Amino acid sequence: MRRAVGDALSLPRAAYDRRPMDLRYTEEEEHFRDELRSWLASVLHDVPPVPDDHTDLVARRAYDTAWQAQLHDAGYAGIHWPAEFGGRGSTPTEHLIFLEETERAGAPYVGVNFVGQLHAGPTLIAEATDDQRSTHLAPILKGEHVWCQGFSEPGSGSDLASLSTRAVDDGDHYVVTGQKIWTSFAQVADYCELLVRTDPDARKHAGITWLIMPMDLDGIEIRPIDTALGSGEFAEMFLDEVRIPKINRVGDENDGWRVTNVTFSFERGTAFISEVISTQRLLADLAAVAQKVTRSSGTAWDDAGIRRELGRLDAELDALWSLTKRNVSQAQRTGMVGPGGSVFKLAYADVRKRMADLAERILGRAGLAIGESMDLSDLDHVGERLYTLTLTIAAGTSEIQRNIIGERLLGLPRER
Amino acid sequence: MDFELSDDQEALAEGVAALCEGRFDIDAVRAMADNGLDRGRWTELAETGVFSLCLSEADGGVGLGWAEAAVVFEQLGKTLVPGPLVATTLAAGLVDGAADGSVVVASVERTTGPAVIEHLGWADVLVIVDDDGLASVAVPELDATPHAQPLDPLTPVWTVAELPAGDRIGDAGAAASWRLRGSMLTAALQLGLAIGATDLAVAYAKEREQFGKPIGAFQAVKHRCADMITRVEVLRAAVYAAAVTLDGNGVDEPERTVAVAKILASHAAAMCGKDCVQIHGGMGYTWEVNAHLFLKRAWVHDLAFGDGDDLAGELARELAGNGAD
């Protein structure tokens, strides 16, 4: 209902619903933050540094799952999972605080637990049978089971629904043959959330099924793929007549596309919180580096263009932090974020890539080696510069995000 | 924490949008380029409470916060409402008649040498701002030269060879508030411009057909539109955060949040204006289509109440301070 202008503006103060926008945290939220801070302070000094060797995934798994177990014992595992499934049942704002504080404190990142915690787990909560839930959910939270994602294929990237890994019905089993790619951490995973084609004759979205695949079955071959950064978490996975029990199907046969998309309803605007906080730290460090890098006269900092770009990026990160709070607030009120998530991802990726360009300008020839500080910094600005290349590709390319924004948010017609 | 508009804030936005659509339709707005500020419509803005929104009820104002002001100014920017909206709002309570619309107030930062001043000939009083405070001078006392062809046809400009001292109406603290609040309100206007330009471009992309389909179906155009709304939503978060912080409901320093908003606003409004021109093709470069009006206003506001480059330099200095060992 549209109110007359006069009504809207000349409401007496008492009648005006004083629940306007407010960025301050409530007492309960501050209490949650204080408790978390104390706990982090008490445990983090005993947490060893991240294993040096990026390619040693066994060590990486041991490290990440040990932290997950610690979170679990302290009651912080599955912060956003409903309490009835072993989670903490926190509000989106508490989830924001959790991610903010753990990142600021330098706690380990979710790492190999990413798919289990943030994708497979929530999907199981929404769609799995009671048996499947009791088998899988608790071990994810305790850091006992690591999951990987078998979605993308060499021929099905942005057009994921065209996937062709075939599942043939064989009584109480599916016999699965095909190839998956970008199955990060598959080498050390216990389970895979696997999308397969169960009906090759149906419309592409209507013939897909979602399966739980134990990674110790016969017929699974994993080959690592080296990244441009030189890290080894990427993998491709070849499936040759892998027999997966039908009791491992989540949701109905041929209903896998809907099951997959259910996970998005768990998105609460929190996806990039750790990244934004760590990026702010990187930027502050870059400002310090600029003051150390000498030029023909003075330092990189003396260049007004560099200072302005540092300031602009600082402003944009600050705005993205505010946008995070808007998305989280929306999730808190409505339970969903919607295309706001795509907007965030697009803008964040752009900021990171421009920051990487600025790092290149500041570092000069010190930017010619990865993973070394050259006495300028403890952080790896060169590695980060390479990492930013993934931000416009992974989890939906920026081109796909722009399609989503254009079509769903702006209502522009589809090209196809 | 709740960073969503309340129902009443949304109702306020709708109410102002209805006023703007009804009384500041584009023909009425464009007419002011030739006829000068429409005082009747200006008074209607005042009667609605636009200029006295943040003035306390005890002082005859509406008694709302800067968050509400941001919501209102966003709508004013979106519909290209012309005139010294920011200065007159800031002057409410300082300059008699500003709040009720009977006195139109322009403002300028004190410079040595000639000062180029927006809206001067439309205004009754000029407020001159410097680090020491605020000074006012009656416009008829100034020797002002009009410029025949202002960059934005709806933002006329005059040059004053040398600014007088004027009458002191506020101290250094009042000047700091003036700048800070003015910067936020300008950013809110720029948010509105970015939204208006995006709406115009998206509407055209849906309607204009080439190669047998609406141009908005082509990714080259669709993606440009997506970039426009992305800038808008990031900017909206920054502007609302600044406004909320000015109300004392934030978690950061007001100076910082306002600088962030203004830096983003200048960039986003200009970029959305340019994209709007581009999406209209040849029509975008015509006087008839409104695209250029959004872009030109964006360029005007970029220079008002703190320019992006200066503010970015200040943020960088703070960043270096915080990052130091």
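Q: What is the order of the strands in the open sheet of four strands in chain B?
A: This is a predicted model, in which local features need pLDDT of at least 70 and side-chain atom pairs count only at pLDDT 80 or more, whereas totals for chains, interfaces and linings use all residues. Residues are numbered from 1 along each chain as its sequence is written, and chains are lettered from A and ligands numbered from 1 in the order in which they are written. Strands (E, at least two residues) and helices (H or I, at least four) are DSSP runs numbered from the N terminus, and two strands pair if DSSP finds at least two bridges between them. With mixed pairing, the open sheet of chain B has the order β1-β3-β4-β7.

Q: Which strands are the edge strands of this sheet?
A: An edge strand here pairs on one side only. In chain B that applies to β1 (105–109) and β7 (167–170).

Q: What angle does the direction of helix α6 of chain B make with that of β4(B)?
A: Helix α6 (residues 172–207) of chain B packs on the sheet and touches β3 (125–130), β4 and β7 of chain B, where contact requires C-beta atoms, placed from the backbone, within 7 Å. Angles run from 0 to 180 degrees between N-to-C directions, and axes are lines fitted to C-alpha atoms, for helices over the stretch in contact. Between α6(B) and β4(B) the angle is about 80 degrees.

Q: At roughly what angle do the axes of α4 and α8 of chain A cross?
A: Two packed helices are described by the angle and the distance between their axes. The axes of α4 (residues 92–104) and α8 (residues 273–290) of chain A come within 9 Å, and the contact includes A:Leu96 and A:Leu99 of α4(A) together with A:Ile273 and A:Ile277 of α8(A). The two axes cross at roughly 35 degrees.

Q: Which helix gives the largest share of the side of chain A that touches chain B?
A: Between the chains, 59 residues of chain A are in contact with 63 residues of chain B. On the side of chain A, at least two residues each are supplied by α1 (5–10), α8, α9 (304–334), α10 (340–363) and α12 (398–409). The largest share, 19 residues, comes from α9(A).

Terms used
Two residues are in contact if their C-beta atoms, placed from the backbone, lie within 7 Å.
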